[in-house]
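Subject: Structure handover and findings

Dear colleague,

I am passing on to you the structure that we spoke about, and I would ask you to look through it once before you read my notes.

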Amino acid sequence: MLEKNAKTKYRKINIDENKRVLFISDIHGDLKLFKRALQKVDYRSEDYLFLIGDIIEKGTENLDILDFLKDFKEENPNVYLLSGNCDEVFRFIIPPVDKEKFLYYALEKRHSIINEMAIRLNVKITNETDVDDLCTRFYNEFKYYYDFIDSFDDVININDKIILVHAGIMDINKIPENKIDVLKLDNFYFKSPVQNKLMIVGHYPTINYCKRISSLNPIFDFKKNIICIDGGNNVCRYGQLNVVILDSLKSFKFSFKSVDHFPKIKILKDINYTSNEMPFSLITGENEVKILDVVGDFAYCEQLCSGRRLYVYEQWIYRRGGKLYAYDATNLFVPFKAGSIVTLILYAQPFCIVKKEGVLALVRTKDLVMQDATA
């Protein structure tokens, strides 16, 4: 039975130490990209696959991915599903419902499973909607989704060697009783002490830990015994879905591959940049800026708290309370060799934003001679 204030579910398992193990987190309602990720790593039924929470919300295929995973798990017993804080949307739409919170998800966030269920019921949600009545209909009509989500674990201990949890646990010997405390713990990597077992977490996009070079790749910190794998898919403007690959528990050798929705380009001419500037990025957060100049599609900005300056795509600057804020920006210009394949995030003037091996960078548009390499 799905309860609003659920207790943490801890599970200890033992798997074959010679088989490959795959870890993915924060799919966020993106069935197409999830399938591409499995294809890219050549997923096989003998692999162990762990999905570490936030399977739904923020994307547009929330019900589709639950339908897919329900069948997929039945066909593949080596697939394990863990809860994330976004998956908990089902718990807060059990009547009685916080109407304000419900309407925020339905009308403001929009890419929510709430809207997808309403569409299936041919219901239009407005400020006048009888929320409790609608959520009663949701529960009666879609109980199998509620039950499926309720079957997910919160913490998995693999062979007493690896701990899996969506957001993190400060002390594995003191697992919080309430599940939400292990599903939502922002900034865990910086807050956490050294773990006594390797802990693999999602929840917080890895780029949020990057003050200088903006990287969406997994963080492998074997001194602290933490691996962070959330690539910001459907959260960051240039997010990706990371698959962390463990060759086997016996080898304990890790690697990763990533997929995203952006086009790939082949650079046809060497691009040579040199800079004495310290790499600097504006990541998610309260980055108050002032605009010093406008150059084409970009604003040359100063971050007020640091005095550091960089170019920000002007449409990504927003105003709140009379102040200007920005994120998703970098001052990093990197050189490229002809033949390099990179991800094109934004084609604009006088700069393009690209990802090179998961790292965000700028290229002067006039220097970019390219051809499509998406296929």
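Predicted model: local features only at pLDDT ≥ 70, side-chain atom pairs only at ≥ 80, totals over all residues.

Residues are numbered from 1 along each chain as its sequence is written, and side-chain values use heavy atoms, with hydrogens and water left out.

The secondary structure comes to 9 helices and 23 strands, where helices (H or I, at least four residues) and strands (E, at least two) are DSSP runs numbered from the N terminus. The radius of gyration, taken over C-alpha atoms, is 22 Å, close to the 21 Å that the globule rule gives for 375 residues, so the protein is as compact as a globular protein of that length; the rule itself is 2.2 Å times the number of residues to the power 0.38. Along its principal axes the C-alpha trace spans about 60 × 60 × 40 Å. Of the 375 residues, 56% count as buried, with buried meaning under 20% relative accessible area, exposed over 50%, and partly exposed in between (1.4 Å probe, protein chains only). Among contacts (heavy atoms within 4.5 Å) between residues at least 6 apart in sequence, 68% join residues at least 24 apart.

The helix α1 (31–40) has Leu-31, Leu-33, Phe-34, Ala-37 and Leu-38 among its residues, and these five are buried. They lie on the same side of α1, because they cover an arc of only 165 degrees around the axis, the arc being that of the directions from the helix axis to the C-beta atoms. Lys-32 and Gln-39, on the other side of α1, are exposed. The buried residues of α1 pack against β2 (21–24), β3 (48–52), α2 (62–75), β10 (241–246) and β11, and just after the helix Asp-42 takes a positive phi of about 55 degrees.

Grid points are joined across faces, edges and corners, and a volume is the space filled by probe spheres set on the points.

The largest pocket holds about 970 Å³ of space. It is lined by 36 residues, and the closest to its centre are Lys-58, Asn-85, Cys-86, Lys-109 and Lys-184. The largest share of this lining, 4 residues, comes from α4.

The second largest pocket has a volume of about 450 Å³. Of its 18 lining residues, Lys-40, Ser-258, Asp-260, Lys-264 and Thr-343 are the closest to its centre, and α1, β11 (254–259) and β20 (341–347) each supply at least two residues of the lining.

There is 1 cavity of 30 Å³ or more, and about 50 Å³ of space lies in the largest cavity. Its lining includes Phe-298, Tyr-311 and Asp-328, while β16 (309–313), β19 (329–330) and β22 (359–364) each give it at least two residues.

With best wishes

Notes. 1 Å grid on protein atoms, 1.4 Å probe; cavity = no way out; pocket = protein on both sides within 12 Å on 5 of 7 lines; lining within 4 Å.
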